[in-house]
Amino acid sequence: MPNGVHLGHYEPISVKAPESGMLLKYLNQLDDAVRELATHPGPDAVTRRDESVRVLEDYLNTQMEPVARRGREIMRQCLARADHAGPAPVPPETGRPGAALSGP
């Protein structure tokens with residue numbers, strides 16, 4: 001892809017300015033944090049994901065509107081993907097995933 005970088009299933013981002021390297025870095029950090037949360041849910045993973053969102057938002061607040069808008073679109077896609085692939089629900093009475101299906 002000549003002037004673009006492709007992150008997973010996201011649309012290509014045009015790479016024209018040196019600052020775009022930072023955008024890719026922060027988007028990749030968020031993607032890593034979301035994957036970690038999906039595979040190893042817990043307070044540390046939530047903290048890492050939230051910190052990645054905060055850093056990316058801080059960066060996007062300093063960018064021109066088209067870059068900020070596209071960065072936020074990709075961030076929303078990444079977070080929405082994480083919401084759909086969340087961890088298995090844990091029944092409150094047993095604390096074990098799938099326990100409600102296995103019986104008493």
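Modeller: This is a predicted model. Of the 104 residues in the protein, 29% are buried. The accessible surface comes to about 6,900 Å². Carbon and sulfur atoms account for 58% of that surface. The secondary structure consists of 4 helices and 2 strands. Read from the N terminus, the order is β-β-α-α-α-α. Take the contacts between residues at least 6 apart in sequence: 41% of them join residues at least 24 apart.

Now the helix pairing. Helix α1 covers residues 20-39, and helix α2 covers residues 43-60. Their axes come within 8 Å and cross at roughly 160°. Angles over 145 degrees count as roughly antiparallel, so α1 is roughly antiparallel to α2. The crossing of α1 past α2 is left-handed.

Which residues make the contact? On the α1 side they are Ser 20, Met 22, Leu 23, Tyr 26, Leu 27, Gln 29, Leu 30, Asp 32, Ala 33, Val 34, Glu 36 and Leu 37. On the α2 side they are Ala 45, Val 46, Arg 48, Arg 49, Ser 52, Val 53, Val 55, Leu 56, Tyr 59 and Leu 60. By class, this contact has 15 nonpolar, 3 polar and 4 charged residues.

Look at Val 34 next. Val 34 lies in helix α1 and is one of the residues in the contact with α2. Its relative accessible area is 4%. Buried means under 20%, so Val 34 counts as buried. Across the pairing, the C-alpha atoms of Val 34 and Ala 45 are separated by 8.0 Å. Those two residues are 11 apart along the chain. Set aside neighbours within four places in sequence, and Val 34 is in contact with Arg 49, Cys 78, Leu 79, Arg 81 and Ala 82.

Met 75 brings in another helix. Met 75 lies in helix α3, residues 65-84. Its relative accessibility is 6%, so Met 75 is buried too. Beyond its neighbours within four places in sequence, Met 75 is in contact with Leu 27, Leu 30, Val 53, Leu 56 and Glu 57. Leu 27 and Leu 30 belong to the α1 side of the pairing, and Val 53 and Leu 56 to the α2 side. Met 75 and Asp 31 are 44 residues apart in sequence, yet their C-alpha atoms are 8.6 Å apart in space.

Key: Residues are numbered from 1 along each chain as its sequence is written. This is a predicted model: local features need pLDDT of at least 70, side-chain atom pairs count only at pLDDT 80 or more; totals for chains, interfaces and linings use all residues. Side-chain values use heavy atoms; hydrogens and water are left out. Axes are lines fitted to C-alpha atoms, for helices over the stretch in contact, and angles run from 0 to 180 degrees between N-to-C directions. Angles under 35 degrees count as roughly parallel, over 145 as roughly antiparallel, 65 to 115 as roughly perpendicular and the rest as oblique. A crossing is left-handed if the near helix is turned anticlockwise from the far one by less than a right angle, and right-handed if clockwise. Contact means heavy atoms within 4.5 Å. Ala, Val, Leu, Ile, Met, Phe, Trp, Tyr, Cys and Pro count as nonpolar, Asp, Glu, Lys and Arg as charged, and the others, Gly among them, as polar. Buried means under 20% relative accessible area, exposed over 50%, partly exposed in between (1.4 Å probe, protein chains only). Accessible areas come from the Shrake-Rupley method with a 1.4 Å probe; for residues, only the protein chains shown count as cover.
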